[in-house]
Structures are given as structure tokens and as C-alpha cells.
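Welcome! Here is a short briefing on charged side chains and how they pair up.

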Amino acid sequence: MLRQGVVAGRLPPGTRLSEARVSEALRVSRNTLREAFTILVGENLLVRVPNRGVSVARPGADDVREIHRVRLALETSALRWSDPVPQPGLHAAVEDGRAARGRRDVTGMADANQRFHRGVVELAGSPRQDELMSRTLAEMRLVFYSMRQDPSFHAPWIERNARILELFEQGRREEAAVQMHDYLEASRQQLLDVLEGPAPAALRGPGTASRAGR
């Protein structure tokens with residue numbers, strides 16, 4: 001439940017987690033909660049700072065670079081080495097993404113996109129790779145948190161997903177893998193531009209724009 005709260009955005013990056021309040025809310029002992037904290041720290045979803053306690057991780061630019069290195073390895077290899085058979089689950093993820101785009105539903109687009117990329121890794125048939133991808137996508141949710149209100153951030157990737165799927169099902173696995181490589185490189189750069197550049201107006205705090213113009 002704690003992991004789901006982080007991944008779903010109910011506990012935004014930087015949120016401090018009080019042992020007393022969280023253990024009471026989840027109805028678990030503090031010892032059990034500390035064990036859960038330790039696991040989630042190991043998964044890079046929480047951070048523990050001496051004398052300050054535990055808080056939800058706030059991924060930075062270096063985290064984005066590392067996450068995308070992992071995704072490049074997992075997703076491109078799955079496309080290169082898996083049998084190009086019909087993938088109804090991936091088609092459903094693409095169509096759900098399109099429907100969410102039509103509604104300007106940012107959460108729906110993000111959910112569909114993550115389902116698509118998780119499904120790509122599942123092509124490899126490796127439970128260990130599936131687990132690594134699930135943990136990686138959970139970190140991505142924290143990265144995406146600041147873009148949660150911007151439909152234009154997720155919308156352009158939906159048709160790129162569709163093209164990758166089309167190539168894969170046609171047996172053009174190397175082309176699909178190259179397309180995925182280019183997709184992930186572009187996605188990485190887009191995120192780095194947000195994290196390392198000036199904050200977009202929608203992400204600035206009250207009064208920031210007026211101060212910047214002075």
C-alpha cells in the first residue's frame with residue numbers, strides 16, 4: 001500500500017513520512033513499517049536522511065540518465081530477440097493511450113504508456129527483467145510527477161508506441177529496436193530539459209514569473 005501511494009502520486013516527491021502517522025494509517029507496527037521503508041529505500045522510491053527521517057525520493061537528472069540506461073537495455077533487447085507474434089495487450093495499451101489523449105487525461109496517458117513499455121519487456125519472458133522494469137517504472141512515476149498536469153508531455157509518444165508495435169509484428173525487429181532506442185533517447189532529453197532548464201510556468205511557485213521578469 002505504501003509503494004502504491006508513492007507510485008500513484010498520493011505521496012508526492014519530497015513528502016516526509018512520519019513513522020507514527022504512517023503506521024497508524026496503514027495499521028501496521030512500527031517494526032513492520034521500518035522494514036517496508038528499508039525495502040523502498042532500496043528501490044529508490046524513498047530516501048533516508050540521518051536526523052531527518054524518511055521521505056519520498058525526488059529523482060534528479062542523474063537518476064533520469066540511469067533509469068534510461070536500464071530501459072534501453074531491457075526494451076531494445078526484448079524487441080530484438082522476442083518472437084514477432086501478435087500482441088493484443090500492447091495494442092490495447094496503444095488504444096487506451098489514444099482514448100486518454102482524446103480526453104486530455106494525463107493520468108490515463110501515463111498509465112497506458114507504462115503498460116505498453118512494461119509489456120514490451122514482458123516479451124522476453126524473464127521474471128527478473130519484469131521485476132526490474134516494474135521498479136524502474138515506479139521511479140519514472142516520481143520523475144513524471146511535476147509534469148502530471150501537462151497533456152502535451154505524454155501525448156506525442158502514443159503514436160511512436162504504435163509504430164514500434166507495427167514494426168515488431170511485421171517481423172522487423174531490428175527496426176523496432178532502433179525506433180525504441182531513438183524514442184528513449186528523445187524521452188530522456190525531454191526530461192532533462194525540464195529538470196535542468198528553467199521551470200515551465202505551470203511548474204513555478206506563485207510569484208516566480210513576476211520575479212523572473214524583473
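**Salt bridges at a glance**

Asp-111 and Arg-141 join their side chains in a salt bridge, 2.1 Å from N to O (a salt bridge is a side-chain nitrogen of Lys or Arg within 4 Å of a carboxyl oxygen of Asp or Glu). Asp-111 belongs to helix H6 (residues 106-122) and Arg-141 to helix H7 (residues 127-144), so this pair ties together parts that are 30 residues apart in sequence. Helices here are DSSP runs of H or I with at least four residues, numbered from the N terminus.

This is a predicted model, where local features need pLDDT of at least 70 and side-chain atom pairs count only at pLDDT 80 or more, while totals for chains, interfaces and linings use all residues. Residues are numbered from 1 along each chain as its sequence is written, and side-chain values use heavy atoms, leaving out hydrogens and water.

**The overall picture**

- The structure contains 16 salt bridges.
- Glu-95, Arg-98, Arg-101 and Glu-159 are connected in a network of salt bridges.

**Two further pairs**

- Arg-34 pairs with Glu-19 in a salt bridge, with their closest N and O atoms 3.1 Å apart.
- Since Arg-34 sits in helix H3 (residues 30-42) and Glu-19 in helix H2 (residues 19-26), the pair ties together parts that are 15 residues apart in sequence.
- Glu-66 and Arg-69 form a salt bridge whose closest N and O atoms are 2.7 Å apart.
- Both Glu-66 and Arg-69 are in helix H4 (residues 61-81), three residues apart, or about one turn of the helix.

- Asp-111 is partly exposed at 31% relative accessible area (buried means under 20%, exposed over 50%, partly exposed in between, with a 1.4 Å probe and protein chains only).
- Arg-34 is partly exposed at 37% relative accessibility, and Glu-19 is partly exposed at 24%.

Conventions:
Helices (H or I, at least four residues) and strands (E, at least two) are DSSP runs, numbered from the N terminus.
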